[in-house]
Amino acid sequence: MAQVFKPRANTIALAILVSVPVIVVLVFIVNYQLHASPYATLMGLYVDQPIPFSHKHHVGDVGLDCRYCHTSVENAAYASLPPTHTCMTCHSQLFTNVAMLAPVRQSLATGTPIAWNRVYKLPDYVYFDHSVHVKNGIGCSTCHGDMSKQPLTVKEKPLTMGWCLKCHRDPGPHLRPASEVFDPHVPDPHNDPQKAVALLRHYVIETGNMTDCSTCHR
Amino acid sequence: MNDTAASHAAPASRIEISRRTALKLFTGGIAASLAGCSPPAEKNMPYVDMPEGLVPGEPQYYATALPLGGYGRGVIVKAVDGRPIKVSGNPRHPASLGSTDVFAEAALVELYDPERSRDIRGTQPINGWTDFLGELQQWSGKAKRGEAPLHLVTSTVASPTLLGQIAALKQQYPGMRWFAYDPLGDDESARSLIPRLDRASVIVSLGADPLGSGPMQIMASRAFINGRMPESPGGMSRLYAIESTWTLTGANADHRLALPPDKIDALAMEIVGRLEGHPGSPLSLEKGARHFVDQMIADLQGAGAGGLLLPGPMLREETVQAVLQSGKRRGAPLDRAAALPAQLRPEAFAAFEEALHSRKVQNLLLLDCNPAFDAAPDAKFANALKGVPFAVHAGLYDNETADLCRWQLPLSHPLEAWSDLTSADGTVAIVQPLIRPLYDTRSQHEILGFYAGQTAPSGYDAVRQTWNREPQDKGFEDWWRDALVKGVVSGRSPQFTLSAGNAEISPPASSQSPSDASAADGSFVALIQPDPTIYDGRFTNNAWLQECPKPLSKGTWTNAVSLAPEDAAALGASDGDVLAVSSSEGKIEGPLRIDKGQARGVVGLTLGYGRTDAGAIGNGLGYNPRLLSPGFQNVVPGVHVKKTDRRAPIPSTQMHFSLEGDLRKLLPEVAPGGSLPESGPKPSLFGPPQPRDPYSWAMVIDAAACTGCNACVVACQVENNVAVVGPDEVANGRAMHWLRIDSYNIGTAEEPRHGFEPVPCMQCEKAPCEPVCPVEASVHDTEGLNVQVYNRCVGTRFCQSNCPYKVRRFNWFAYNSGQEYKDLGEDPMPARNNPDVTVRARGVMEKCTYCVQRISGARRDAEKADRPIADGELKTACQEACPTRAITFGNLQDKGSKVNARRADPRHFTLLEELGTRPRTTYLARVRNANPKLAGGSA
Amino acid sequence: MSAIVSGAEPLPPAGETAGAPQGERLTHVDTLDAVNTLVSGPLLDRRRWRRWWIAMIVASLLTILFFGSMIYLFYEGIGIFGNNSIVVWGYPIANYVWWIGIGNAGTLISSMLLLTHQHWRAAINRLAEAMTLMAVAIAGLMPIMHMGRPLYFYWLAPYPNTMALWPQWRSALIWDFWAILSYLLFSIVFWYTGLIPDLATLRDRAITPGKRIFYGALALGWRNSARHWHIYQTYYRTMAALATPLVCSVHSIVGLDFAASLMPGWQETIFPPYFVVGAMYSGFGIVVVLCAAARWGLDLESLITIRHFELMAKVMLMAGTVMFLSYATEWFSAWYSGRGVDRRFLTFEFTGAYAPLYWIMIFCNCIVVQAFWFRTVRRSLTAIVIISILINIGMWLERILIVWNTLSHHYIASMWRLFYPTLWDWLILFGSLGFFAFLYLLFARFFPVVSIHEVRELVHREAIR
Amino acid sequence: MSSVLLAAFEDEERLVDAIGKLREERVRIVDAFTPYPVEGLGAALGANPFPVRAAMLIGGLGTAGLCWFIEWFSAAIAFPFDSGSRPHNSWPVFPLFPFEFGVLMAGVFGLAALLWSTGLPGLNHPFFDARLSARASQDKFLLAVAMPETTDMAFRLRDRLAGLGADTVEEAEL
C-alpha cells in the first residue's frame with residue numbers, strides 16, 4: 001500500500017508534539033509579565049487633567065510644602081485635594097487672567113468642583129491610611145516619587161499587592177526622620193541598617209501585624 | 001477615595017446645596033464602599049469651599065435624640081463626609097445610658113428610604129409649597145373668624161417646642177381643638193410607668209412588659225440587670241411574670257405563670273387584697289398555679305418595700321389604680337413617665353372621631369400620625385376624612401392617611417431637623433440635624449410655623465426661642481453649645497415641660513372592662529400587643545426591622561397569630577397554617593405560631609402589620625389587629641378562630657428551639673453564686689497557640705444579662721453593611737445577620753422557660769474554617785482575629801460547612817451589590833453604607849470579625865500617638881449597643897482588662913469546648929434565681 | 001463477513017450454557033480478521049447509524065440544557081440552587097463525588113485487571129477508559145459550578161502573580177484540584193496510548209483518504225514492529241501500575257474532603273477506603289450499562305459476552321458487600337463512641353427528615369446487589385442492567401445524604417435546617433447525564449469501543465486453549 | 001535504510017518457529033511486525049525499554065520533588081499564614097499534591113521516552129511502501145530478514161521462508 005503522508009509530515013507531527021508543553025509554560029510566563037507590566041499597573045502613565053497642573057513648578061520651583069494643598073494627609077486616611085479657594089489664595093494675585101487657569105476661576109464663580117482625573121487608584125477593598133504612614137516616617141516620595149520633577153503627575157509605582165508587601169515585610173529601609181517625610185528629594189530606600197533599626201525603634205513600629213490581611217482588607 | 005467630595009456637612013455650616021448634588025455626591029460615597037476594581041478613568045472632586053472642621057473621610061459625631069412613641073432617646077450619630085452612617089447611645093442621657101434599641105439603630109434606613117415622601121402633594125396638579133400656603137392663608141382666615149376651627153391631631157407629643165407652638169396656636173385660633181393618641185392604646189396609666197427594677201428585690205409583673213420594646217426599654221433593661229447581677233447590692237432580684245402571651249419580660253423571668261387577661265386582672269385584685277391585709281375570696285386556680293401564687297405572694301410580702309407589683313396594660317383601669325395605690329403605700333420603687341402639663345392636655349382620639357363623623361371638621365392638620373391605619377382603619381373614618389375640605393397630613397411617608405387628605409406635606413426626618421425631645425424620665429435633649437434635608441421637606445415646627453402665619457419659619461429659631469425666653473440673655477450661646485455637645489439639657493426650663501413623678505395617675509376618660517372576657521363559649525380572647533421589631537406600624541417600611549428576627553419566635557417579615565398548643569391541637573392546626581380570627585367588628589387572617597407556655601383561650605396578636613400604603617418593603621405583610629377592635633381596645637373578648645386551608649409558613653431564622661439531652665450544655669444555667677466545673681485545656685498535637693503581644697482580642701458574653709432585645713443584631717448590621725435579603729431568602733435560610741441571638745425553650749413541660757444566647761463568630765484560636773480554605777481567604781491575624789478576606793474568597797463554602805458554630809454567612813446573590821431586595825439598592829439608600837467596610841460581592845463568604853475596622857482605626861490612632869490602645873477605648877458595635885452591658889470586649893494581653901476579669905468568673909464557659917477549637921468568644925452561664933419553695937427551685 | 005463471526009462449533013446462545021463457566025469462552029470469534037471487521041466495520045464502511053442518531057439527538061438536547069443552566073447559573077448567581085447558609089453544599093458536590101467515582105472505575109478496571117492478568121478485561125477496558133475520561137471531565141466541571149466566584153477557580157493553582165499569594169496547601173480542596181487535574185490528564189494519556197495500535201489498524205483498513213489521514217495522524221505512524229511492541233508494553237504496564245495507586249489516592253482525597261473536617265458523620269477514618277470501593281461499585285454499574293448499550297448498538301454480542309457480565313456482577317457483589325460492611329462500621333462507631341452528637345446524628349440518619357432516602361439508599365447499595373449470589377441473575381442481562389442502575393441511584397443518594405445529613409444536623413441545635421432542591425439542581429444533574437451520553441456517543445462514532453489488538457491476542461489465546 | 005525480505009506468516013507460532021530456525025542458519029533477522037505483542041519476541045530482537053522506565057522514574061520523582069518544594073517554599077517561606085494555628089511547614093499534608101502530579105508527569109515523561117526510543121512519530125516511513133505492511137496491523141505476522149548480497153542467495157532465502165510457512169514474501173526497504 002502507498003504512503004498516507006509525505007516525508008515532511010514527520011517534522012510537522014514532531015513540532016506539534018513538542019509545542020504542547022512549550023505553550024503550557026509560556027501561558028504562565030506571559031500571564032505574569034502582562035500583569036506586572038504598565039499595561040496592567042498603569043505605572044509611568046501620564047493622565048490629562050482639566051488644568052495642566054505642574055507639581056514640578058509648584059513644588060520644585062516655588063517650593064510649596066505638600067501639606068499646603070493636601071491638608072489632611074497627616075491626620076486622615078485621605079490626603080485630600082485642595083478646594084478651589086486654596087488655589088485662589090495665590091491665583092487671585094498671580095496669573096489672574098491666564099487662559100490656562102480659566103477653569104479655576106470658573107469653578108470659584110459657579111461653585112462647581114474641578115474634576116481632576118485620578119492618578120493613584122487603589123481597589124475599593126484596600127483600605128490605605130495616609131496619616132498612619134506619614135506619622136510613622138514613610139515619606140511622600142516613597143510611593144509618589146519625586147513630585148518636584150513631575151510636570152504632569154505620573155503614577156510612579158505599580159501599587160500591586162506584591163509591591164506593598166515588600167515594604168510591609170521590611171519597612172526599615174524606607175523609614176525617614178520626621179523632618180524628611182515631606183522632602184521630595186530624599187532617596188528611597190536608604191541602605192543603612194543602623195538607621196533602619198534606629199527609626200524602627202523611634203517610631204515604635206510593630207512589624208508583627210503588618211502583613212496581616214486585616215491590615216489592609218476589611 | 002473620591003468621596004472626599006460629599007459636601008453639605010456640619011449642621012453649623014450653612015452651605016446651600018440642592019438635593020440633586022446631594023445625591024450625586026452620595027453616589028461618590030457609595031463608589032468608595034463598593035467591592036471590586038474600577039477603571040482608572042475616575043474623577044476626584046475637591047470642594048470649592050471646605051466646610052469648617054470637616055476632614056474628608058474622617059468621622060464626625062453629634063449628639064441628638066430620636067423619638068419612639070413620642071418620647072426621646074438620646075443618641076450620638078456618626079457622620080462621614082456629612083452622611084450619617086451609625087447611631088449609638090448617648091452615655092449622658094438617662095433614657096439611653098450609652099445604649100440603643102433596634103429602632104434607634106435602624107433609624108438610618110428611614111432617613112435614606114427611597115420611598116420617603118419627597119415633594120408636597122395635593123389632590124390636583126400644583127406647584128409646590130406656594131399653592132399650599134395660599135390655600136392655608138384662606139383657611140387660617142376662616143379659622144381666625146371662627147368659621148372653620150383648626151383641628152390638630154398628633155400622636156404622643158413630648159417636645160417642649162412643639163407644645164409651645166401648639167399653645168401659641170390655641171391663642172391664635174379660637175376654638176382650636178387638639179387631639180392626641182398613642183397607637184399602642186389609650187390605657188395610658190399602665191403603659192406609662194417607670195419601674196425602678198434595680199431597687200426591687202421581688203418583682204411581680206402582671207402582664208406588664210418593661211423589658212419589651214418601647215421608650216423605656218433601655219432604662220428598664222439596664223435597671224433590671226443591675227438588680228440581677230449576683231454581685232449587685234441587696235442580692236439578686238427575683239422576677240415573677242404572670243402573662244397571657246410570651247413577652248421579653250416573661251422570657252427573662254425566674255418564674256412564669258400563663259393566665260388569660262381576665263384571670264390576671266382578678267389575681268391582681270387578690271394579691272392587692274392580701275398585701276393590704278383584707279383578703280377576699282381567692283381566685284379559683286388549678287393546684288399548681290395556686291401553689292405558685294401563694295408562694296409568690298409570700299415572697300412579695302417578705303420583700304416589703306423591695307416588693308414591686310407591676311400592673312400591665314391589659315388590666316382594667318380600676319385594677320391598675322388599686323395596684324398603684326398599694327404600691328405607693330408600701331413605697332414600691334415605681335415612677336410615672338413624663339406627662340403633659342395639666343393646662344395642655346389634648347383630647348382623646350374618640351372625641352376627634354365623634355367630631356369628624358358629625359361633619360364638624362373642615363380645617364384639619366394631621367401631624368406625623370397615621371390614624372387611617374393605626375387608630376381607625378375603617379371605611380366610615382376614611383369617607384369622613386375624604387370629606388374634609390382642608391385636610392392636611394404632614395408625615396415622613398405618603399401613607400394610608402395621606403391618601404385621604406387634600407394635602408400631603410413631606411416631613412423632615414429627625415436626623416434632618418432641629419427640635420427637642422423629652423424622654424420618658426423627663427430629661428430633655430436638643431435634636432440637631434446631621435444632614436441638610438435630602439428633599440424639599442419641612443420639620444413639624446416649621447409646619448406649625450406656617451400655621452402661625454410665618455412665611456419662612458425656621459425650626460432652628462423655634463427651638464432656640466423655646467429655650468431662650470428672655471432675648472437679652474448673655475449666657476445663652478454657651479448654654480446652647482453645651483446642650484448640643486452633651487446632648488442633654490440642664491439648668492433651663494421652657495414654658496411647657498413634661499414632668500415625671502410618682503406613680504399616681506388620674507384615670508383617663510375611656511376605660512375598658514375585659515373582666516367579662518372568658519373562653520367559656522369556645523370563643524377566644526384576643527390580646528393585642530406592640531410588635532417587638534415593628535412596634536406600632538411606623539417602622540413597617542424599615543427593611544432592617546422587618547428582617548430582624550422576633551426575639552422568641554425568630555420569625556421575620558410578618559406578624560403571627562399565636563395560640564397555646566392545646567388550642568392549636570383543638571383546631572387541628574399546625575405552625576404556618578393560616579387562621580381566620582373574627583370578632584364582632586371584623587376579621588383578620590394570619591399564620592399560626594404555636595407558643596408553648598401561652599395561656600389557653602388566648603389569641604396573641606401584634607400591631608404594626610397589614611399596611612396597604614407603607615411602601616414597597618412594608619406593603620401587604622401580615623394583618624392589622626386593630627380591625628378586630630374599635631378604638632384602642634387591646635383585649636378583645638369573644639373572638640372566633642377558624643383554620644383555613646391555606647398555609648403561609650413564617651420566614652424564620654431558627655427552626656429548632658428545644659434543648660433535649662446533652663444539648664442542654666449549649667446553654668448552661670446556675671443558681672445565684674453558682675459556678676460551672678472548670679475543665680482543663682484540651683490536649684493538642686501542636687501545643688496550645690500562645691496569645692501574642694501587644695494585642696490579643698477576646699470577647700465574653702454574659703448569657704445571664706442578655707434579655708434578647710436584638711439591639712446588638714441590628715447594630716452589627718448597620719456597622720458592617722450586612723445585607724437585607726427579604727422574606728423569601730430568609731425562608732430559604734439565607735438571612736445574613738453576622739450576630740444571631742439563639743432562642744431556646746428550656747425549663748419543664750409544666751413551666752416552659754426561654755433562654756437567649758447571642759452567637760457572633762467565636763474567633764477560634766484553632767479555627768476549623770481556616771485550614772480548609774484553599775485560597776487563604778479565611779486566615780488568622782496576629783491579634784487572634786479569624787479574618788475573612790472578601791476579595792480573596794472564591795466561595796467554596798468549605799469554611800461554613802466545617803464551622804461547628806455555623807456563624808458564617810454567604811452571599812448567594814449580590815444582596816448588596818446589584819441584586820438588592822425590592823428598592824434597597826436605589827439611591828440614596830446605598831449612601832448609608834459604612835465606608836470603612838467592604839460591601840461584599842456575590843459568591844463571597846462573610847462573617848463577624850470583632851468589627852476589625854474599629855480595631856484598625858483604634859490601632860492607627862494609637863500608633864500615630866505612639867501609645868497602646870487602652871482597655872475600654874475600643875468597643876465593638878454589638879457591645880456598644882447592648883442595653884445591659886452583656887458583652888465585654890478587650891485585650892487578653894492586658895492583665896488588668898475587664899475581659900480577663902470576666903474570663904476568670906466562676907460562671908465562665910466555652911461553647912462546644914470539647915471540640916478543642918479554643919474560641920476567643922466565651923460566655924458566662926445564665927443565672928436563675930428560683931424560689932426554693934417552687935418547682936425548679938432546686939436548680 | 002458474517003460467516004467469520006460464527007465459530008467452528010455453533011456458538012451457544014447467551015445465558016443458556018449450563019457448562020462450567022471455566023470452560024466457557026469469553027468471545028465467540030475465531031480469526032483475527034473477524035475481530036478487525038467486527039470492531040472497525042461500523043467506523044469504516046458505510047452503514048446506517050439510525051439508533052446512534054436517535055440517541056444523539058436526545059443527548060444533545062440534554063447537553064444544551066446542561067450548558068444552558070450553567071450559563072444561567074453564572075449569570076444569575078449560585079443562589080438559584082437550593083442551598084442555604086447552613087446546608088452550604090448541595091447537588092454539585094454530590095454530583096462531583098458521584099461522577100469522579102464512576103470515573104475511577106474505568107482506570108481501576110483496565111489497570112487492576114491488567115496487572116492481575118484478567119484477560120477478559122480486553123473486551124471492556126476501552127469502554128471503561130473512555131467512560132473515565134468523560135466522567136472525570138464532567139466531575140471537574142461540578143466544583144466550578146459549585147463555587148461562588150467560578151471565574152477565580154485558578155486561584156487554587158500555584159501560579160506566579162503580582163499579589164505574591166499562593167494556595168493554602170492544607171485544604172482538601174487543593175488536594176482535590178490536583179487529584180482531578182492529574183487524574184484527568186493521566187487517563188487521557190493512558191487511554192490514548194492504548195488506542196495507538198488500533199488507530200494503526202483503522203488507518204490500514206480505511207478506504208477514504210479522509211479517514212486514512214485522520215486515523216493515520218493519530219496513529220503516529222505505528223508499525224506494529226516487535227521492538228516497538230516490547231517498549232510499548234513496558235510503558236503500558238508501568239502506567240497501569242501507576243494508575244492503580246493514583247485511582248485509589250484520587251478517591252481517597254475525595255473522601256478527605258469530608259473526613260478532614262470535624263463535623264459529625266464526616267470525621268470518619270473509614271471514609272477514604274470506602275469511598276474507593278464505592279467508586280468502583282458505581283463505576284462497574286455504569287460499565288455494565290455501557291457494555292450492554294455498545295453490545296446492542298454495535299452488534300458486539302460475540303465480543304462482549306454474558307460471561308463478561310457475570311464476572312462484573314461478581315465484582316459488584318463483592319463491592320456491595322464491602323459497602324454494607326462500611327456502613328455498619330460507621331453506625332457501630334457512632335453508637336460505640338457514646339458522643340451525644342454522634343448518636344443524635346445516627347438517629348437522625350435513620351429517623352430524621354431524610355430517613356426515607358436513607359432507607360432507599362441502603363436498599364439499593366446493600367440489599368439489591370445480594371441477588372448476584374444467584375447464577376441465573378448474574379447471567380441475565382436485564383437483571384444485571386437494572387441492578388446496576390439501582391446501584392448508581394443508591395450511590396448518588398449516598399453522596400447527597402453524606403452532604404445533607406451532616407450539614408442539616410450538627411452541633412448547634414438552633415442552626416439545624418433542611419435542604420430543598422430547586423429546578424436548577426435537577427437540571428444540572430440530568431443535564432450532566434446527557435452531556436456524558438453526548439461525549440460517549442461521539443467517542444463510539446469515531447473510535448473503536450473495543451481494544452482491537454488486545455482482543456486479537458485474546459482470540460489467539462483462546463484458540464490455542 | 002536497508003532492503004529486506006518481508007515474509008508474511010499465518011500465525012504467531014509459525015513466526016516464532018521460523019525465527020528460531022533462521023537464527024540457526026545465521027540469517028540476520030532485521031525486525032518482525034505482529035498484530036499483537038508476541039511475548040519475548042521484542043526482547044529477542046534486542047529492543048531495550050530501559051529509557052522509558054528511567055524517564056518515568058526521573059520525571060515522576062523530579063516533579064514530585066519540585067511540587068514539594070513549591071509547597072514548602074510558599075507555605076513556610078514566601079508568605080507564611082496562620083491557618084488555624086497549624087505549623088507553617090505542615091509536612092503531613094504536603095505529600096498529596098506531589099504524588100498526584102508526580103504520577104501524571106511520570107506518565108507524560110514515559111510517553112515522550114516511548115516516542116523517542118521508537119522513533120515515532122514516523123507518519124511517513126519506507127515500511128509503508130510495502131504491500132504487506134497493512135496486514136501487520138490486522139492479521140499477518142511479518143518477518144523482515146536482511147536481503148542477501150547476491151540474487152541467487154536471495155532466491156534461496158525466499159524458498160526457505162516459504163518452506164517455513166510464509167504464505168507471501170515481498171522485497172521491501174526499512
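**Salt bridges, overall.** I counted 74 salt bridges over all chains, taking a salt bridge as a side-chain nitrogen of Lys or Arg within 4 Å of a carboxyl oxygen of Asp or Glu.

**Ground rules.** This is a predicted model, where local features need pLDDT of at least 70 and side-chain atom pairs count only at pLDDT 80 or more, while totals for chains, interfaces and linings use all residues; side-chain values use heavy atoms, with hydrogens and water left out. Residues are numbered from 1 along each chain as its sequence is written, and chains are lettered from A and ligands numbered from 1 in the order in which they are written.

**Pair one.** I looked up B:Arg316 and found its side chain in a salt bridge with that of B:Glu318, 3.7 Å from N to O. For burial I use relative accessible area with a 1.4 Å probe on protein chains only: under 20% is buried, over 50% exposed, in between partly exposed. B:Arg316 is buried at 18%, whereas B:Glu318 is partly exposed at 46%.

**Pair two.** Next I checked C:Arg344, which has a salt bridge to B:Asp662 with the closest N and O atoms 2.6 Å apart. The arginine sits in helix α11 (residues 340–351) of chain C and the aspartate in the chain B loop between β25 (635–647) and β26 (669–670), so this pair joins two chains. Helices (H or I, at least four residues) and strands (E, at least two) are DSSP runs, numbered from the N terminus. C:Arg344 is buried at 17%; B:Asp662 is partly exposed at 32%.

B:Arg918 and B:Glu765 meet through their side chains in a salt bridge, 2.8 Å from N to O. B:Arg918 is in the loop between β35 (908–909) and β36 (921–924), and B:Glu765 in the loop between β29 (752–759) and β30 (778–780), so the pair ties together parts of chain B that are 153 residues apart in sequence. I get partly exposed for B:Arg918 at 29% and buried for B:Glu765 at 7%.

**Network.** I also noted B:Glu270, B:Arg274, B:Arg290 and B:Asp294, joined into one network by salt bridges that share partners.

**Chain B against chain D.** How many salt bridges are there between chain B and chain D? I found zero. Contact (heavy atoms within 4.5 Å) involves 10 residues of chain B and seven of chain D.
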